[in-house]
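Here are my notes on this one, written as numbered points. Keep the structure open next to you while you read.

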Amino acid sequence: MSDADLENDPWSWWRDRMPVTKKWAYFDHAAVAPISRPAADALKSFADVAASHGDVHWMDWSNAVNRLRDLTAELVQCEREEVTLVPNTTTGINLVAEGLDWKAGDNMVVPEGEFPSNLYPWLNQQSKGVEVRIVPRRDGRVEVNDLMERVDDRTRLISVSWVGYARGFRVDLNELVEQAHAKGVLVFLDAIQGLGMYPLDLQTCDVDFVAADGHKWLLGPEGAGVAIIRKRHLDRLHCSTVGWASVENAHLFSGSEFKLRGDASRFEGGSLNQSGMMSFAASLEMFCQVARHHGHDAIGNRVLERARKLRGLLTQRGARLIHGPWDNTVHASAITTFEIPGETPDRFRARALETGVVVSCRGGGVRASVHVYNDDADLNRLAELVSSSDINASSPSDRN
Ligand SMILES: Cc1ncc(COP(=O)(O)O)c(C=O)c1O
């Protein structure tokens, strides 16, 4: 499909850029996504050039990697100087957890049931005398008021996943940031389950720190991610790992002047995963192209429409949704978790794989994470598997 189709039919245009669709109905973007064709092409081209020419074209790679900073800034309306490239979300969380000037007796607040990467880096601060306050969810929900109730005058930060990995509850960021900032509390956003899908405008939603890897919804390879450290926090965050690339004269290897770069790239320290970052940038370009043509809300609206349709098909065929009743609210996401009467999630997943349908087992059920390029035929392939479930095949012991 040509770029003219981007204007008229962006979702078919997108699907055309997803080689995975030839074989699979893929619903596992909340785990590890298939990489898009632009991402794959960038990897192949890097490998060809590196094999044939070594680092002769290093500047071209560096420019392509820098494009990732521009695209990230465009996607979330931050400044490019606030973007730092990280190998994964976990690293971005640790940059902040290790970099804040905690004092013994400080505390931070995090919801229960977070992915471990948004818990362990905070628990790791306990050795400095930091208290980690874990706030129970309400049937999968993260209520901002519940988080705020645990805030006191020693609370430094609240850290949340934008979208919960298991059951897909999306936190109301505007409300969280507004309430936290009113009490002088910083907000860290683990954005890996939402970035690229739902609009995030840091000009209006003034989150302090963000991190996400590109290998889920952004359709890039594993090991290439971005973190955003807002300008106002650059100097308050101690650089816990530094190296040649952290300083202003990064290419003056004989120098000994330790003057940190004036932007967030100071956290990068050493050589980057150039191939991964270039590939991630190529994929992110697709998201920005669609947003430029159709507006920032278009991707979110489309993916939520896909998720609603999928849920309808699944329930018509007898699946029981086990994520909460937040479908038509600001908390909706593209993650659907469901049970099939008489069949364990593990067995359903294995059966689905045999027929070319990819889901995973999370949150006590089957998790289907749909993307904008999944068409009706994909949705039907998954739904039909529910109708054909064999109730005699259940084995309660391998319940997730
Ligand atoms: C909410 C959340 N945070 C963090 C991670 C881990 O991300 P990474 O491997 O990029 O550190 C995951 C992975 O599933 C996740 O779902």
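Predicted model: local features only at pLDDT ≥ 70, side-chain atom pairs only at ≥ 80, totals over all residues.

1. Helices (H or I, at least four residues) and strands (E, at least two) are DSSP runs, numbered from the N terminus. With that in hand, strand 3 (residues 107-111) and strand 5 (residues 155-161) pair in the parallel sense over 3 bridges.

2. Residues are numbered from 1 along each chain as its sequence is written, and side-chain values use heavy atoms, with hydrogens and water left out.

3. (Contact means heavy atoms within 4.5 Å; axes are lines fitted to C-alpha atoms, for helices over the stretch in contact, and angles run from 0 to 180 degrees between N-to-C directions.)

4. There is another open sheet, with 4 strands in the order 9-10-13-12 and antiparallel pairing. Its edge strands are strand 9 (320-321) and strand 12 (360-362). Strand 12 pairs with strand 13 (residues 365-369) over 3 bridges, in the antiparallel sense, and cysteine 361 has valine 366 of strand 13 as its bridge partner. Helix 10 (residues 297-316) lies across strand 9, strand 10 (335-339) and strand 13, running at about 10° to strand 10.

5. How is the chain divided? The domain assignment (bounds from an automatic or database assignment) gives domain 1 (5-35 + 296-389) and domain 2 (43-291). Their centres, taken over C-alpha atoms, are 27 Å apart. Domain 1 brings 36 residues to the contact and domain 2 brings 34 residues.

6. Next, the inside. A nonpolar core is a set of buried Ala, Val, Leu, Ile, Met, Phe, Trp, Tyr and Cys residues joined through side-chain atoms within 4.5 Å; buried means under 20% relative accessible area, exposed over 50%, partly exposed in between (1.4 Å probe, protein chains only). The largest such core has 98 residues, and Trp14, Phe27, Ile158, Leu195, Phe338 and Leu382 touch the most other members. Helix 9 (residues 274-294) gives the most to this core, with 9 residues. Both domain 1 and domain 2 give residues to this core, so it lies between them. A second, separate core of 25 residues includes Trp102, Phe188, Phe209 and Phe267.

7. Glycine 92 sits in helix 5 (residues 89-99). Leaving out residues up to four places away in sequence, glycine 92 touches Val86, Phe188, Ala211 and Ala227.

How values were computed
Pairing = 2+ DSSP bridges.
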